[in-house]
Amino acid sequence: MLPFLVMGVAAVAGLAGFLAYLRSSREQRVAAAATVGLSVDDERVERRLADGRVETVRWSELREVEVITTDVGVHRDDGALLVLGVDDTHGCLVPSRLAAERGVIERLAGLPGFDTRRLVEALDQPPPSRTTCWVRPGG
């Protein structure tokens, strides 16, 4: 009976260690995706991430704006992200708080056919949601 008890304790300890590793790994991925800088100017918006990655979108190349509301992950405190998309593989995620603070929303409002009411409605959607707010006309 003692060998079974030892094996059971070892299995539980191993499982606890594995779960702690998974939690730590997830926390590291979340921390790496945190926004550490956001630059906005007449040419582009650029987001710098904690792990050194950089996402950049030139206003002239912007094709689509989406809003994602969330209550999980690195962006749960903001509650929403603006997805500035150039194509299916190139874009920039902008936390909603920074979008308001750094003038991203003002720049979006100047895009042809952009409807700020639609953006506000999308930002007010309960999570999880994904709403396309704007697509470049003729694009």
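**Note on strand S5 and its surroundings**

1. Leu82 stands opposite Val94 in S6, within an antiparallel pairing of S5 and S6 that runs over 6 bridges, where two strands count as paired if DSSP finds at least two bridges between them. Helices (H or I, at least four residues) and strands (E, at least two) are DSSP runs numbered from the N terminus. S5 and S6 form a hairpin with 2 residues between them.

2. The model is predicted, so that local features need pLDDT of at least 70 and side-chain atom pairs count only at pLDDT 80 or more, while totals for chains, interfaces and linings use all residues. Residues are numbered from 1 along each chain as its sequence is written, and side-chain values use heavy atoms, with hydrogens and water left out.

3. S5 also pairs with S4 in the antiparallel sense, again over 6 bridges, and in this pairing Gly85 of S5 is the bridge partner of Glu64. Because 7 of its 8 residues are buried, S5 is largely enclosed by the rest of the structure; buried here means under 20% relative accessible area, exposed over 50% and partly exposed in between, with a 1.4 Å probe and protein chains only.

4. The largest nonpolar core has 23 residues, of which Val45, Leu62, Leu82, Leu84, Val94, Val104 and Leu108 touch the most other members. Such a core is a set of buried Ala, Val, Leu, Ile, Met, Phe, Trp, Tyr and Cys residues joined through side-chain atoms within 4.5 Å. S5 gives the most to this core, with 4 residues.

5. The largest pocket holds about 250 Å³ of space, and of its 16 lining residues the closest to the centre are Val83, Gly85, Val86, Asp87 and His90. On a 1 Å grid over the protein atoms alone, a pocket is an open set of points where a 1.4 Å probe fits, with protein on both sides within 12 Å along at least five of seven lines, and lining residues have an atom within 4 Å of a point; grid points are joined across faces, edges and corners, and the volume is the space filled by probe spheres set on the points. S5 supplies the largest share of the lining, 5 residues.

6. A separate point concerns another sheet: 3 strands form an open sheet in the order S1-S2-S3, with antiparallel pairing. Strand S1 (35-40) and strand S3 (54-58) stand at its edges, each with a single partner strand, so one side of each is left without a neighbour in the sheet. S2 (residues 44-49) pairs with S3 over 5 bridges, and Val45 stands opposite Val57 in S3.
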